[in-house]
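Subject: A structure for you to look at

Hi,

Here is the structure I said I would pass on. Have a look at it yourself before you read on.

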Amino acid sequence: MTFRRDVRPPQPACPLPAPAGTSAAMLMRLAIFALILSGLANLGFAARDPSLWMIPALLAGWYAADMLSGMVHMLMDYHPARLGVGLDRLYFYPGSRESDEYQGMFRASMARLNPFERLVYDFKNHHPRPDALGRRTTLRQIGSTIVAGSLPVSLLLNAACLVWPLPGWAVAGVLNFLVGGTFAQYFHGTLHRADNPWIINAMRKVGLLMTPAAHQLHHDTLRRDFATNSGWSNAVLNPVFRLARRRGWLTDAGLEPQG
């Protein structure tokens with residue numbers, strides 16, 4: 001008597017869950033796409049009511065974005081980094097930052113931080129090694145800004161334009177503020193590398209963006225000239241910083257990650 005082995009058809013494999021990084025990348029692409037659509041809608045709202053008032057409004061929006069870049073920079077520089085996640089070991093790491101050991105430590109620490117805390121560390125980390133910021137990808141530089149600030153503000157502007165008859169100059173000013181605010185950290189990064197797109201150099205020539213030499217004044221002391229877009233607002237922000245130091249709101253203990 002012979003026995004026949006029961007041969008079953010192959011079972012479909014259980015699908016593996018998508019890696020967390022894949023989901024985050026997809027959400028970021030959706031956020032960027034939504035911001036582009038929202039921005040184009042705001043541009044259309046502004047174009048419905050053109051006027052010469054748009055010129056001062058655009059300049060005011062650019063000035064406001066510069067001031068925002070300085071206020072954020074001031075906060076990031078002096079806000080204490082999160083304790084207990086190894087940021088001090090990363091900051092003072094003596095070996096190669098391309099080593100497997102450092103990269104493993106970096107990934108482990110970053111996984112425990114929220115986007116705000118990662119931004120705080122990035123600002124502090126670029127002080128002793130300024131070129132590190134220039135090597136960041138554009139998406140890493142502006143991704144958190146898009147999700148946490150630019151997209152919500154742009155959508156609110158869309159809603160305001162639909163509900164109220166906002167003048168075109170006002171929409172144009174806010175839209176320019178959004179552009180300057182979104183790319184503030186990217187503009188900061190261009191101050192720490194020599195090879196930049198032609199538009200960056202052109203904007204520097206007309207004064208819309210500051211030069212690396214002007215930004216070096218900040219790195220010389222870390223106590224002045226925090227704005228990193230055009231630098232127009234530094235004359236206002238420098239006295240604000242001195243007041244904050246006198247009141248004890250900003251202290252040198254926050255400049256470097258602690259253990």
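Below is what I found in it, starting with the whole chain and then going to single residues.

First, some ground rules. This is a predicted model, in which local features need a pLDDT of at least 70, side-chain atom pairs count only at pLDDT 80 or more, and totals for chains, interfaces and linings use all residues. Residues are numbered from 1 along each chain as its sequence is written, and side-chain values use heavy atoms, with hydrogens and water left out.

How confident is the predictor? The average pLDDT (the predictor's confidence in each residue, from 0 to 100) is 87 for the protein chain, and 92% of the residues score at least 70. Residues 1-20 are a part to be careful with: pLDDT stays under 50 there, and the model has one contact for them beyond four places in sequence. Contact here means heavy atoms within 4.5 Å. Where pLDDT is low, the predicted coordinates should not be read in detail.

Now the overall picture. The protein chain has 12 helices and zero strands; both are DSSP runs numbered from the N terminus, with helices being H or I of at least four residues and strands E of at least two. The radius of gyration is 23 Å, well over the 18 Å that the globule rule gives for 259 residues, so the protein chain is more spread out than a compact globule. That radius is taken over C-alpha atoms, and the rule is 2.2 Å times the number of residues to the power 0.38. Along the principal axes, the C-alpha atoms fill a box of roughly 100 × 55 × 35 Å.

Of the 259 residues, 40% count as buried (buried is under 20% relative accessible area, exposed is over 50%, and partly exposed is in between, with a 1.4 Å probe and protein chains only). Of the contacts with a separation of 6 or more, 72% are between residues 24 or more positions apart.

On to single residues. What does His 215 touch, leaving aside its neighbours within four places in sequence? Its contacts are His 73, His 126, His 188, Leu 191, His 192, Met 210 and Thr 228. His 215 sits in helix 11 (residues 212-221) and is buried, with a relative accessible area of 1%.

Most residues other than glycine have a negative phi. Leu 222 is buried at 16% relative accessible area, and Asp 225 counts as buried at 8%.

Is Ala 111 buried or exposed? Ala 111 is exposed, with a relative accessible area of 67%, and is found in the loop between helix 4 (100-110) and helix 5 (115-125). Gly 86 is in the loop between helix 2 (54-78) and helix 3 (87-91), and is buried at 7%. Gly 86 and His 73 are 13 residues apart in sequence but 23 Å apart in space, C-alpha to C-alpha.

Cheers
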